[in-house]
Amino acid sequence: MKQIPYLFFLWLFWTSSLAAQQIMPVEQVLLHTDRQLYAAGETIWFKVFLFLGEEDRLSDKSKVVYLELLNEEEVPVAQLKILLQDGQGEGSIVVPKSLPNGPYRFSAYTSAMRNYSAEYFGQQLIYLVNP
């Protein structure tokens, strides 16, 4: 009989934490690049937009976006961070000349987004040619 109150409080805690996760707005990054095919040593120009959840309004909750260029093994080969102003930011990153040919994933996220699914990260698949 002592287990019934314990199980009730455990169930209550679990359901309240699920409800909080559903109510909390999650940021979502939209990432645009100037193109999808690059040669080693070229510059990737990009623009990011930070939205609040799935709403159509820009978020001002986070002020920094982290960007990573990931190889096929999901290992970062280039990283940077940019400041946002009114939910928007832009910048560039030079593709290292030492990278081999192949597909790479360009990913953008905020520090708060690390607590949620990567489905909200801004992602672009790019291809690199190293002549």
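Analyst: Isoleucine 82 is found in strand β5, where helices (H or I, at least four residues) and strands (E, at least two) are DSSP runs, numbered from the N terminus. The model is a predicted one, in which local features need pLDDT of at least 70 and side-chain atom pairs count only at pLDDT 80 or more, while totals for chains, interfaces and linings use all residues. Residues are numbered from 1 along each chain as its sequence is written, and side-chain values use heavy atoms, with hydrogens and water left out.

Isoleucine 82 has a relative accessible area of 9% and is therefore buried. On this scale, buried means under 20% relative accessible area, exposed means over 50%, and partly exposed lies in between (1.4 Å probe, protein chains only). When residues up to four places away in sequence are not counted, isoleucine 82 touches Phe46, Val48, Lys63, Val64, Val65, Leu67, Gly89 and Glu90; contact here means heavy atoms within 4.5 Å.

With neighbours within four places in sequence left aside, valine 48 is in contact with Val29, Leu30, Leu31, Val65, Leu67, Ile82, Leu84, Gly87, Gln88, Gly89 and Ala108. Valine 48 also belongs to the largest nonpolar core, which has 27 residues, and Val48, Leu67 and Phe106 are those with the most contacts inside it. Such a core is a set of buried Ala, Val, Leu, Ile, Met, Phe, Trp, Tyr and Cys residues joined through side-chain atoms within 4.5 Å. Two or more residues of this core come from each of β1 (27-33), β3, β4, β5 (76-83), β7 (102-109) and β8.

The side chains of glutamate 90 and lysine 47 meet in a salt bridge, at 3.7 Å from N to O; a salt bridge is a side-chain nitrogen of Lys or Arg within 4 Å of a carboxyl oxygen of Asp or Glu. This pair links distant parts of the chain, since lysine 47 lies in strand β3 and glutamate 90 in strand β6 (residues 88-94), 43 residues apart. Lysine 47 counts as partly exposed because its relative accessibility is 29%, whereas glutamate 90, at 57%, counts as exposed.

The structure holds four salt bridges. Asp34, Arg35 and Glu42 are linked in a network of them. Within it, arginine 35 meets aspartate 34 at 3.2 Å, N to O, and the closest N and O atoms of glutamate 42 and arginine 35 are 2.6 Å apart. Arginine 35 is partly exposed at 33% relative accessibility, as are aspartate 34 at 39% and glutamate 42 at 30%.

The loop between β3 (43-52) and β4 (64-70) comes next, and serine 62 has its place there. Serine 62 has a relative accessible area of 12%, so it is buried. Its side chain makes a polar contact of 2.8 Å with the side chain of glutamate 27. A polar contact is a pair of N or O atoms within 3.5 Å; within protein, one must be able to donate a hydrogen and the other to accept it, and residues adjacent in sequence count only if both atoms are side-chain atoms. Apart from neighbours within four places in sequence, serine 62 is in contact with Glu27, Leu50, Leu84 and Thr110. Aspartate 60 is found in the loop between β3 and β4 as well, but counts as exposed because its relative accessibility is 53%. Aspartate 60 and aspartate 86 are 26 residues apart in sequence, yet their C-alpha atoms are 5.6 Å apart in space.

Finally, the part may be set within the whole. The protein chain has one helix and eight strands, which run α-β-β-β-β-β-β-β-β from the N terminus on. Of its 131 residues, 34% count as buried. Among contacts between residues at least 6 apart in sequence, 61% join residues at least 24 apart.
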